[in-house]
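Please read this briefing alongside the sequence and the coordinates. It takes up the chain as a whole before turning to single residues.

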Amino acid sequence: VQLVESGGGLVQPGGSLRLSCAASGFTFSDFAMSWARQAPGKGREWVSGIFSNGTTTYADSMKGRFTISRDNTKNTMYLQMNNLIPEDTADYYCAIGLNYSDWRRYTYWGRGTQVTVSS
C-alpha cells in the first residue's frame with residue numbers, strides 16, 4: 001500500500017491549491033479516504049473524507065472553502081482548497097478510511113505535503 005501526496009506549496013492568503021493523493025497497492029475504489037492536517041506545534045486535525053460512492057464530508061471550518069473529490073480511474077483523491085488563510089498552514093496527509101479524528105483506526109497514511117499560506 002502506498003499513498004503519495006502532492007500539490008503543496010507556498011500561497012498567498014486568498015489563494016488556492018489543489019492537493020492530490022495517488023494511491024496504489026489496494027483497490028482504491030472500494031475504500032473511503034480522508035484528508036487530515038497537522039499545523040506546526042499542533043495536533044493532527046481531520047479535514048475531510050469521501051466515501052467509495054463519492055459522498056463527501058467536511059470538518060466545519062473547511063466547509064465552503066475545501067472540496068474533496070476522487071477519480072477512481074486514476075486511483076487518486078484530491079483536495080481543492082480555496083480562499084486559503086494563514087491558519088490553513090500545515091502538513092496535509094491522506095489516509096485510507098473515514099474515521100474522522102479516531103486516529104487509532106487509520107492504518108495507512110501518506111508522508112504528507114506541506115502547505116504554507118503567507119504573504
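What follows is a summary of the fold, followed by notes grouped by topic.

This is a predicted model, in which local features need pLDDT of at least 70 and side-chain atom pairs count only at pLDDT 80 or more, while totals for chains, interfaces and linings use all residues. Residues are numbered from 1 along each chain as its sequence is written, and side-chain values use heavy atoms, with hydrogens and water left out. The chain holds ten strands and zero helices, where strands (E, at least two residues) and helices (H or I, at least four) are DSSP runs numbered from the N terminus. The radius of gyration, taken over C-alpha atoms, is 13 Å, close to the 14 Å that the globule rule (2.2 Å times the number of residues to the power 0.38) gives for 119 residues, so the chain is as compact as a globular protein of that length.

**Overall fold and surface**

- Along the principal axes, the C-alpha atoms of the chain fill a box of roughly 40 × 30 × 25 Å.
- Of the 119 residues, 45% count as buried, a term that means under 20% relative accessible area, with exposed meaning over 50% and partly exposed lying in between (1.4 Å probe, protein chains only).
- Among contacts (heavy atoms within 4.5 Å) between residues at least 6 apart in sequence, 56% join residues at least 24 apart.
- The accessible surface, computed by the Shrake-Rupley method with a 1.4 Å probe, comes to about 6,200 Å², and 44% of it belongs to carbon and sulfur atoms.
- There are 11 positive and 9 negative side chains, and the centres of the two sets lie 2 Å apart; Lys and Arg count as positive and Asp and Glu as negative, without His and the chain ends, and each charge is placed at NZ of Lys, CZ of Arg, CG of Asp or CD of Glu.

**The disulfide**

- A disulfide is a covalent bond between the sulfur atoms of two cysteines.
- With the criterion of a pair of cysteine sulfur atoms within 2.5 Å, the count comes to one disulfide, formed by Cys21 and Cys94 with their sulfur atoms 2.1 Å apart.
- The pair links distant parts of the chain, since Cys21 belongs to strand β3 (residues 17-24) and Cys94 to strand β9 (residues 90-96), 73 residues apart.
- The torsion about the S-S bond of Cys21 and Cys94 is about 65°, so this disulfide is right-handed.
- Cys21 is buried at 0% relative accessibility, and Cys94 is buried with a relative accessible area of 0%.

**Buried strand residues**

- Ser20, in strand β3, is buried with a relative accessible area of 15%, and beyond residues up to four places away in sequence it touches Val4, Glu5, Ser6, Trp35, Thr76, Met77 and Tyr78.
- Val47, in strand β5, counts as buried at 0% relative accessibility.
- Leaving out residues up to four places away in sequence, the contacts of Val47 are Trp35, Ala36, Arg37, Tyr58, Ala59, Met62, Phe66, Leu79 and Tyr92.
- The C-alpha atoms of Val47 and Lys63 are separated by 9.4 Å, with the two residues 16 apart along the chain.

**Loop residues**

- Asn75 lies in the loop between β7 (66-71) and β8 (76-81), where it counts as partly exposed at 29% relative accessibility, and its phi is near 50°, a positive value in a residue other than glycine.
- Tyr100, in the loop between β9 and β10 (113-117), likewise is not a glycine but has a positive phi, of about 50°, and it counts as partly exposed at 38% relative accessibility.
- Trp103 is also found in the loop between β9 and β10 and is partly exposed at 28% relative accessibility.
- Apart from neighbours within four places in sequence, Trp103 is in contact with Ala36, Arg44, Glu45, Trp46 and Trp109, whereas its C-alpha atom is separated by 19 Å from that of Val4, 99 residues away along the chain.
- Ala39 sits in the loop between β4 (33-38) and β5 (44-50) and, setting aside neighbours within four places in sequence, is in contact with Thr89 and Ala90.
- Ala39 and Thr116 are 77 residues apart in sequence and 9.7 Å apart in space, C-alpha to C-alpha.
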